[in-house]
Every structure is written in structure tokens, then in C-alpha cells.
Amino acid sequence: MDSSASRSDAALLAISAKIVVAGGFGVGKTTFVGAVSEVPPLSNEAWMTEAGAGVDDLVPPGTKSTTTVAMDFGRITLREDLLLYLFGTPGQARFWFLWDDLSRGALGAVVLVDTSRIDQSFAAINYFENDSELPFIVAVNQFEGMPVHDLDEVRDALALSPDIPLVTCDARDPKSTVATLQELVSHTLSLAVVSGPGREFALS
């Protein structure tokens with residue numbers, strides 16, 4: 001059989017799914033999407049200026065000069081028959097109204113957490129726990145030089161339900177990002193069987 005024909009057949013049978021990458025401002029959502037995207041990632045970043053003081057969340061000087069004002073977008077082939085489209089949410093509170101639209105039709109969500117500013121994570125976790133039926137996992141983004149916390153302590157600090165997976169990741173590392181996405185897909189499939197045309201789909 002012609003190998004190019006085989007690849008074409010596999011592409012036709014591939015399942016595509018939408019994944020939301022959420023979290024507070026400056027937690028690493030844009031980095032997460034960009035680290036793993038097979039296409040040049042789309043990022044709606046705007047410069048932070050003094051005009052936003054008192055309105056937008058701020059991080060220590062020198063750590064971040066832009067903020068996402070609409071969404072981040074990327075694409076990854078997680079395996080031959082599974083194509084994921086990644087949508088990163090804006091972290092600033094004034095753009096939270098976009099979360100409903102970005103979450104519509106998604107397979108699941110990854111909520112990124114920065115343990116140095118853990119309070120920034122509460123709004124995202126509350127949204128997916130109470131205002132959305134989307135399955136989600138929580139990923140602690142381990143920035144370079146940041147202290148490593150025990151995951152049980154992080155779960156307690158977030159008041160996270162025991163049935164919500166909690167993992168660590170490095171949003172800069174493609175392998176770590178892929179592993180996080182695999183964890184999300186596995187979690188989602190454990191809650192419901194995803195069916196393709198005349199077949200069941202499972203992540204192995």
C-alpha cells in the first residue's frame with residue numbers, strides 16, 4: 001500500500017478536539033500554547049501601559065510587559081488520529097466574558113497555576129467547577145528558580161476536589177506540555193467514551 005495514501009486515510013479518520021488553556025494573568029498560558037504548537041501560534045498580545053494601572057493585574061517589574069487581550073491559538077497532533085486545537089484564555093478580569101465563548105464546544109481544559117501567586121488561580125478553578133460542565137485538570141507551572149511545593153499542599157491551598165487531576169508541568173518545555181495534554185485527554189476519556197465514525201476512540 002502506498003505510504004502517502006495511508007497517511008491520507010489516517011488524516012481523514014483523525015478526530016479534532018478543542019482544548020482550553022486557562023488560568024490567571026501571567027501564569028504561562030501563552031508560553032504553554034507556543035511551546036507545543038505545530039503552526040506559528042496566534043497570540044493577541046497588547047503592551048501593558050500606565051493607563052491600565054488600577055484596572056489590570058500586575059506582576060513584578062521586568063517579568064511581563066504584554067497581556068493577552070483576546071486569546072492564544074495553536075495546534076498539535078497529539079497522535080496520528082487526534083488533532084488538538086488549543087485556545088488560551090485571557091487572564092485579565094476585564095476579559096473574562098470571553099471565557100464562555102472560548103469554552104463552547106471544547107473537549108476539556110487545562111488550568112495553569114503559579115504557586116507564587118496562587119490567589120490568581122481561584123477565579124479560573126471556580127469557573128470550571130461551578131460555571132462550566134467542561135472536564136478539566138490543574139497543572140502547576142514550575143517556573144525556573146521557583147520553590148517546588150508538595151502537590152497535596154497545593155491541592156489543599158486551592159481547595160481542589162479529589163477527583164480533579166493535579167499535575168506539574170513546565171510551560172516552556174514541549175515534552176512537559178504534551179504530557180499535560182495527554183493527562184487531560186485521558187481524564188476526559190475516563191469520564192465519557194469518545195466515539196468516532198463507527199469506532200470507539202481511546203488514548204493508549
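Is D114 buried or exposed? D114 is buried, because its relative accessible area is 7%. Here are some notes to read alongside the structure.

1. Ground rules. Please keep in mind that this is a predicted model, where local features need pLDDT of at least 70, side-chain atom pairs count only at pLDDT 80 or more, and totals for chains, interfaces and linings use all residues. Residues are numbered from 1 along each chain as its sequence is written, and side-chain values use heavy atoms, with hydrogens and water left out.

2. D114 and its partner. The word "buried" stands for under 20% relative accessible area, "exposed" for over 50%, and "partly exposed" for what lies in between (1.4 Å probe, protein chains only). D114 forms a salt bridge with R117, and their closest N and O atoms are 3.6 Å apart. R117 is buried because its relative accessible area is 16%.

3. The salt bridges. A salt bridge here is a side-chain nitrogen of Lys or Arg within 4 Å of a carboxyl oxygen of Asp or Glu. By this rule there are five salt bridges. One of them joins the side chains of R79 and D81 at 2.6 Å, N to O. R79 is partly exposed because its relative accessibility is 24%, and D81 is buried because its value is 16%.

4. D101 with R104. This pair also forms a salt bridge, with the closest N and O atoms 2.8 Å apart. D101, at 44% relative accessibility, therefore counts as partly exposed, while R104, at 55%, counts as exposed.

5. A loop contact. Have a look at S132, which sits in the loop between α4 (122–131) and β6 (136–141). A polar atom of the S132 side chain lies 3.1 Å from the backbone nitrogen of L134. With 17% relative accessibility, S132 is buried.

6. Helix α5. D152 belongs to helix α5 (residues 151–158); helices (H or I, at least four residues) and strands (E, at least two) are DSSP runs, numbered from the N terminus. D152 counts as exposed because its relative accessibility is 54%.

7. Which residue has a positive phi although it is not a glycine? That is A159, with a phi of about 55°. You will find A159 in the loop between α5 and β7 (166–169), and at 63% relative accessibility A159 counts as exposed.

How values were computed: Polar contact = N/O pair within 3.5 Å; in protein donor to acceptor, adjacent residues only side chain to side chain.
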